[in-house]
Amino acid sequence: MNIITSAFPQRRMRRMRKHDFSRRLMAENQLSVNDLIYPMFVLEGNNRTEEIASMPGVERYSIDLLLKEAEEIVKLGIPLIALFPVTPSEKKTLMAEEAYNADALAQRAVRALKEAFPELGVMTDVALDPFTTHGQDGIIDEDGYILNDITTEILVKQALSHAEAGADIVAPSDMMDGRIGAIRQALEEAGHVNTQIMAYSAKYSSNYYGPFRDAVGSAGNLKGGNKHSYQMDPANSDEALHEVALDIQEGADMVMVKPGMPYLDIVTRVKRELAVPTFAYQVSGEYAMHMAAIENGWLAEKAIVMESLLCFKRAGANGVLTYFAKRAAQWLKEDEVK
């Protein structure tokens, strides 16, 4: 970076910060509704909602009410939702068969959404943790170790079932080796050549996921276990670039860094060094911390949320999965009217 050599008082850095108009003119990054992806939880039944205690303001919806919520999302201009099913405990198995059942909750929700709102992008989670009795993202051996290749075979079936239901994007979030290539090949062979893959390429074994596991009902199954053997070590940065490069080589259209704000350095490295479409997930723990401070009056809601989302853009993210997406879109719309 070339630093301009003129010194104070010829160059007063605060001069350009004095007025609102000049601050707006020199803003290096801007947040728009086009940067937002809204994660939504769907549950069985009709006319049902459930609050998530660890995520104030976030609810699970039955499909009929999910559609009502989606109608508002479309009106706000949010381009994409990410769908996460809450699987009843009686449908969870060691081999996660419900994950690729054509009439399972996620698949039915996708069909309903695409029928009602074809213009709304729908992304589905490709992972087995909501469907296994143990809450891990894959099939386990007798020692509890996650078996990579068997898991990948099931992930392929799951991704195909989502594409056949009408999902625009399948998003493998499990961190199994080689699964992007296997899914891409299967989609091509089945004629789903335009189904996009958003690979959770740099998904860290983080402690920020707790509220999400409550939301999808996998926390109790995990029983204090961890995912260190397949999700990434928070200590590592170079490893993330290898993961991203492999997934792009295998056919991913875009990549994800997860969690978000504590890992913005990874977002920046991926975007600068690999120049691929890069997204980040402002995860449930980040949301819960913000909401705790907001509800206690320690932080101003709109100001802190919009600042946090702008930080993702500054780091290089093309977009953000965030539970604040709906509120942020509403605020952006209100600001346009002023």
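## Charges over aromatic rings

Lys157 lies over the face of Tyr100, 5.0 Å from the ring centre. A second case involves Lys203, whose charged end sits over the ring of Tyr209 at 5.8 Å from its centre. The criterion for a charge over a ring is that NZ of Lys or CZ of Arg is within 6 Å of the ring centre and within 35 degrees of the ring normal.

The model is predicted, so local features need pLDDT of at least 70 and side-chain atom pairs count only at pLDDT 80 or more, whereas totals for chains, interfaces and linings use all residues. Residues are numbered from 1 along each chain as its sequence is written, and side-chain values use heavy atoms, with hydrogens and water left out.

## Aromatic pairs

Six aromatic pairs are found in a search of the whole structure. Rings of Phe, Tyr and Trp (its six-membered ring) pair if their centres lie within 6.5 Å; planes under 30 degrees apart count as stacked, over 60 as edge-to-face and the rest as tilted. One of the pairs, Phe41 with Phe84, is tilted, with 5.9 Å centre to centre and 40 degrees between the planes. Phe41 lies in strand β1 (residues 36–43) and Phe84 in strand β4 (residues 80–85), so this pair ties together parts that are 43 residues apart in sequence. Helices (H or I, at least four residues) and strands (E, at least two) are DSSP runs, numbered from the N terminus.

Phe41 also forms a stacked pair with Tyr323, at 6.1 Å centre to centre and 10 degrees between the planes. Tyr323 lies in the loop between β12 (319–322) and α12 (325–337), so its pair with Phe41 of β1 ties together parts that are 282 residues apart in sequence. Phe41 and Tyr323 are both buried, and Phe84 is buried as well. Here buried means under 20% relative accessible area, exposed over 50%, and partly exposed in between (1.4 Å probe, protein chains only). Ring pairs link Phe41, Phe84, Tyr281, Tyr287, Tyr323 and Phe324 into a cluster.

Eight of the eight residues of β1 are buried. Leu36, Tyr38, Met40 and Val42 point one way from the strand, while Ile37, Pro39, Phe41 and Leu43 point the other way.

Strands pair if DSSP finds at least two bridges between them. β1 pairs in the parallel sense with β4 over six bridges, and Phe41 has Phe84 as its bridge partner there. The pairing of β1 with strand β3 (residues 59–62) is also parallel, over three bridges, and Val42 stands opposite Tyr61 in β3. With β12, β1 pairs in the parallel sense over two bridges; the partner of Leu36 in β12 is Val320.

## Lys313 in helix α11

Lys313 belongs to helix α11 (residues 301–315) and is buried, with a relative accessible area of 17%. A polar atom of the Lys313 side chain lies 3.4 Å from the backbone oxygen of Ala317.

Not counting residues up to four places away in sequence, Lys313 touches Asn29, Gln30, Leu31, Asp35 and Asn318. Contact means heavy atoms within 4.5 Å.

## Helix α12

The end C-alpha atoms of α12 are 19 Å apart, which agrees with the 18 Å that its 13 residues should span at 1.5 Å a residue. The expected span is 1.5 Å times one less than the number of residues.

Ala325, Lys326, Arg327, Ala328, Ala329, Trp331 and Leu332 are buried in α12. The elements covering the buried residues of α12 include β1, α2 (63–76), α10 (284–295), α11 and β12.

Definitions and conventions:
Polar contact = N/O pair within 3.5 Å; in protein donor to acceptor, adjacent residues only side chain to side chain.
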